[in-house]
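Here's a quick look at the side-chain links in this structure. Have the model open as you read.

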Amino acid sequence: NIYTYDIGSVTHDPGRNIADASGKAILKNNQLIIQVNKSCKFSIKFYNGFLMISQESPGQLNDCEFGFNATLEGIYLKVK
C-alpha cells in the first residue's frame, strides 16, 4: 500500500509560482498524508473520478516553501 506521488500546481498570470511535492506515502482509509517538509503536510482523499487535497495545518502555507500564493490545495479531476 505504498504509493509514489508527484504533484504540481502553478498559479495564474501575471506572476506564475509553483507548488510541487513528490515522494512516497502509505494509503490508509482511502487517504494519503504527504509531508513536504517538517512543518508542511497535506492530506489527499480519493473519490470516484476526483481527489481533494487539503492542508493538514491551515495557516502554515509559508512553511511549505512554495512560490507566492502557490499551494497544492484543491480538487483535482481525473482526465483521460
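## Ground rules

This is a predicted model, where local features need pLDDT of at least 70, side-chain atom pairs count only at pLDDT 80 or more, and totals for chains, interfaces and linings use all residues. Residues are numbered from 1 along each chain as its sequence is written, and side-chain values use heavy atoms, with hydrogens and water left out.

## The salt bridge

The partners are Asp-13 and Arg-16, whose side chains meet at 3.1 Å, N to O. Arg-16 counts as exposed, at 51% relative accessible area, while Asp-13 is partly exposed at 47%. (Buried is under 20%, exposed over 50%, and partly exposed in between, with a 1.4 Å probe and protein chains only.)

## The disulfide

Searching the whole structure turns up one disulfide, meaning a pair of cysteine sulfur atoms within 2.5 Å. Cys-40 and Cys-64 form it, with their sulfurs 1.9 Å apart. The link is right-handed, with 85° about the S-S bond.

What does it join? Cys-40 sits in strand β4 (residues 40-47) and Cys-64 in the loop between β5 (50-55) and β6 (74-77), so the pair ties together parts 24 residues apart in sequence. Strands here are DSSP runs of E, at least two residues, numbered from the N terminus. Both ends are tucked away: Cys-40 is buried at 0% relative accessible area, and Cys-64 is buried at 3%.

Terms used: Helix = DSSP H or I, 4+ residues; strand = E, 2+ residues; numbered from the N terminus. Salt bridge = Lys/Arg side-chain N within 4 Å of Asp/Glu carboxyl O.
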